[in-house]
Amino acid sequence: MCHKIRHPRYWLIVPFKMAGLEIISDQGYRIDGRRSSELRKVCARMGVFTQADGSAYIEQGNTKALATVYGPHEVRKGRGKIQHDRAVVNCQFSMATFSTGERKSRPKGDRRSQEMSMHLRQTFEAVIVTELFPRSQIDIYVQILQADGGNYCACVNAATLAVIDAGIPMKDYVCACTAGFIQDSPLLDISYVEESAGAPFLTVAMMPKSEQIVLLEMNSRLHADNMEKVLDLATQGCKDVFAVLDRHVRDHVSESHALMTAS
Amino acid sequence: MKEVPISTCEREFILKAIRDRKRIDGRQTYDYRRLKVSFGMERGCCIVELGDTKVLAQVSGKIEEPKKNRPTEGSIIINLELSPMASPAFEPGRPTESGIEMNRILERNIRDSRAVDTESLCIVAGEKVWSIRADVHVLNDEGNIMDAASIAAITALAHFRRPDVTVMGEEVTIHSPEDRDPVPLSVHHMPVCVTFAFFDQGEFLLVDPNRLEERVMDGRMVVGMNMHREICTLMMSGGMLLVKEQVLRCSQIATVKVAEIIELIQKALDKDAQARQAGEKCGFAESVPANKITTNKKEPTLIDTTAAAQQASQVIQEAGPVDKPMSNMIVQAPGTAQIGEGLVNTWQIDDVDMESEEEEEGRKKSVTNGKEAEATSKPTERKRPVKAVSHADDSGSEEEEKVMLYQGDAEMKSTEDSTALQQPPNSDKPAKKKGKKKKAAQK
């Protein structure tokens with residue numbers, strides 16, 4: 001992933017751009033051998049934990065995320081949070097200390113993780129049918145085990161599967177995907193190397209059937225004219241992710257059904 | 001302190017107005033409020049007023065060790081402070097979620113888009129670099145802190161001057177401002193945020209929401225852009241569902257708005273540079289307008305006195321000459337004279353003697369005042385009588401009663417005394433009538 005140069009005083013992490021490697025080669029292949037509009041390989045598992053109401057594990061390339069859902073249950077902490085007409089969604093995001101190339105202790109109250117938690121909460125509040133569960137609380141906990149770009153997307157996809165596993169009704173799937181713009185061409189599903197090259201990338205969370213965007217986030221500089229191209233590519237990526245997740249959910253359900261009826 | 005929840009009727013009113021394409025403060029849908037950028041005495045200090053939202057940004061620099069994985073780059077830190085001074089909804093201590101979100105957007109807008117060159121902040125690679133810190137404080141929250149804060153932050157960074165540094169071999173010399181002129185930061189571009197507020201699940205959108213519109217909106221989108229039409233940051237959140245076309249339309253609107261705002265910032269920077277060169281006074285005290293009352297103008301109330309004048313002249317003609325001069329006038333004190341005596345109280349208030357006594361005194365005083373003024377204003381009949389009544393007006397809050405009693409008293413007097421004091425009461429009548437008219441006009 002990165003070179004570790006042994007220096008007398010301290011470890012140095014040298015990013016790839018100093019080594020002169022191109023993000024996208026002349027033949028149109030990226031560093032990990034993908035084409036510009038190809039997703040990374042998605043592996044998913046539902047129902048990984050017994051204690052939680054719903055849980056899921058997802059691997060997008062090298063990014064690994066775990067999500068657990070508890071609820072709907074009574075509002076535990078803070079009576080003030082009770083909403084009389086809908087459920088309260090509570091999200092917590094955390095990255096394991098061993099998730100990045102360098103071991104880094106991340107306290108829970110860190111700004112980045114708080115921002116991520118808030119985005120996750122807003123995303124799922126918009127999608128879960130909270131009106132069916134007044135005066136209750138739904139908890140979603142997400143943990144990143146290995147971070148290789150697209151952390152937020154992996155969290156959202158994992159959480160979607162976990163919520164489906166918990167049996168909580170949603171308006172539609174929420175699928176998230178990143179799209180970047182490097183060397184005048186849009187790229188789908190940015191990995192960590194491509195992220196740290198400083199190129200602009202867009203994170204989109206959307207409901208695939210109606211193409212409604214739930215969350216949109218963009219970093220670095222992108223010219224307004226290229227915006228539409230990148231947005232279109234991200235939309236396409238979300239739809240591809242949806243196809244994979246949906247197939248997995250149906251397989252999982254038919255397996256479980258077969259197991260239950262077979263005995 | 002929790003913010004007072006907005007009432008349903010207020011919410012409905014605002015939403016209804018928005019559906020009719022009207023805003024409660026009279027702006028158009030894509031209009032910004034009045035934007036004013038001013039600078040303080042020190043370099044790097046900037047106050048931005050967007051309508052009533054006031055934000056202050058201060059930039060400071062310090063020499064520190066660089067980060068281990070970036071030894072040749074300085075650092076830019078942007079910190080947004082939401083204190084209870086701005087709004088009772090903010091709590092002291094830990095920032096709320098929305099505060100953190102705004103902070104992150106500001107950071108991404110300026111730092112991640114590389115608006116300020118960090119490589120030029122390096123002094124000695126791996127050992128000493130400049131760490132520039134921009135503290136943005138919200139002084140008053142009347143909606144849309146995000147835009148005001150982004151304008152303040154980038155303007156303060158452009159205004160700031162850091163001390164000049166020379167490196168000779170191993171020696172590093174930091175020059176004081178007296179030695180060498182401070183050096184500006186290298187600002188590549190100026191990213192400014194534009195906030196859009198959405199209503200009715202994205203059907204209606206407004207630019208620059210004020211505080212009430214923010215309370216009522218469904219969600220918001222922040223687009224950070226610079227002059228070259230590059231989107232530096234984009235954030236859409238709030239549990240709202242949007243379509244691609246809306247996002248693209250917002251970015252187009254943002255292009256126009258950002259161009260206007262950056263033009264204004266440039267003008268403000270140029271004006272401040274000129275003022276500093278010319279040695280003029282600069283700073284907040286000069287730029288904050290003094291809300292003092294310097295002039296006061298009262299419009300005169302026009303009273304139609306034509307009919308009264310005619311009546312007065314008629315009465316005077318009918319009245320005939322004055323037989324007996326008003327000589328039995330007793331001067332009690334300077335400004336107070338008495339002609340005749342008070343009459344018995346005919347209001348038939350038996351129980352409270354105090355009141356009747358006061359009323360008698362009051363009557364006496366008004367009678368004496370009026371009479372005295374009249375006595376002195378014989379030549380000018382019309383104007384003076386009016387003034388006489390206004391004189392009674394100044395004397396206190398019981399004037400209404402006084403005037404009424406004076407009226408009744410005069411009428412009673414005119415009916416009872418039909419001999420000597422016939423003339424003055426008669427000429428008093430039109431005066432009293434005018435007085436009543438004036439009172440009515442004033443009311």
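Trainee: Anything to know about the model and the numbering?

Mentor: This is a predicted model, where local features need pLDDT of at least 70, side-chain atom pairs count only at pLDDT 80 or more, and totals for chains, interfaces and linings use all residues. Residues are numbered from 1 along each chain as its sequence is written, chains are lettered from A and ligands numbered from 1 in the order in which they are written, and side-chain values use heavy atoms, with hydrogens and water left out.

Trainee: Then which residue of β7(A) is the bridge partner of A:V89?

Mentor: A:I138. The strands involved are β6(A) and β7 (residues 136–146) of chain A, which pair in the parallel sense over 8 bridges.

Trainee: Why call β6 of chain A largely enclosed?

Mentor: Because 6 of the 8 residues of β6 (residues 88–95) of chain A are buried. Buried means under 20% relative accessible area, exposed over 50%, partly exposed in between (1.4 Å probe, protein chains only).

Trainee: And A:S191, buried or exposed?

Mentor: Buried, because its relative accessibility is 8%. A:S191 lies in the loop between β9 (185–188) and α4 (192–196) of chain A. Leaving out residues up to four places away in sequence, A:S191 touches A:R34, A:R40, A:D148 and A:G149. Contact means heavy atoms within 4.5 Å.

Trainee: Switching to the interface. How many residues of chain B are in contact with chain A?

Mentor: 37 residues of chain B, against 31 residues of chain A. The two chains bury about 3,300 Å² between them, with 55% of it on carbon and sulfur atoms. Buried area is the accessible area (1.4 Å probe) that two parts lose on being put together, summed over both.

Trainee: How many salt bridges across it?

Mentor: The rule finds 8 between chain B and chain A. A salt bridge is a side-chain nitrogen of Lys or Arg within 4 Å of a carboxyl oxygen of Asp or Glu. A:D225 and B:R229 meet in a salt bridge at 3.1 Å, N to O.

Trainee: Which elements of chain B supply that side?

Mentor: β4 (75–81), α2 (97–112), β14 (230–237) and α5 (244–278) of chain B each supply at least two residues. α2(B) gives the most, with 9 residues.

Trainee: Now chain B itself. How many helices and strands?

Mentor: 11 helices and 16 strands. Of the 443 residues in chain B, 43% are buried. Among contacts in chain B with a separation of 6 or more, 72% are between residues 24 or more positions apart.

Trainee: What do β15(B) and β16(B) form?

Mentor: A hairpin, with 2 residues between the strands. B:G335 in the turn has a positive phi of about 95°. Strand β15 (residues 329–333) of chain B and β16(B) are antiparallel, over 4 bridges. B:A333 has B:T336 as its bridge partner.

Trainee: Last one. Where is B:Q348?

Mentor: In the loop between β16 (336–339) and α8 (353–376) of chain B. B:Q348 counts as exposed because its relative accessibility is 69%. Its C-alpha atom is 99 Å from that of B:R70, 278 residues apart along the chain.

Notes: Pairing = 2+ DSSP bridges.
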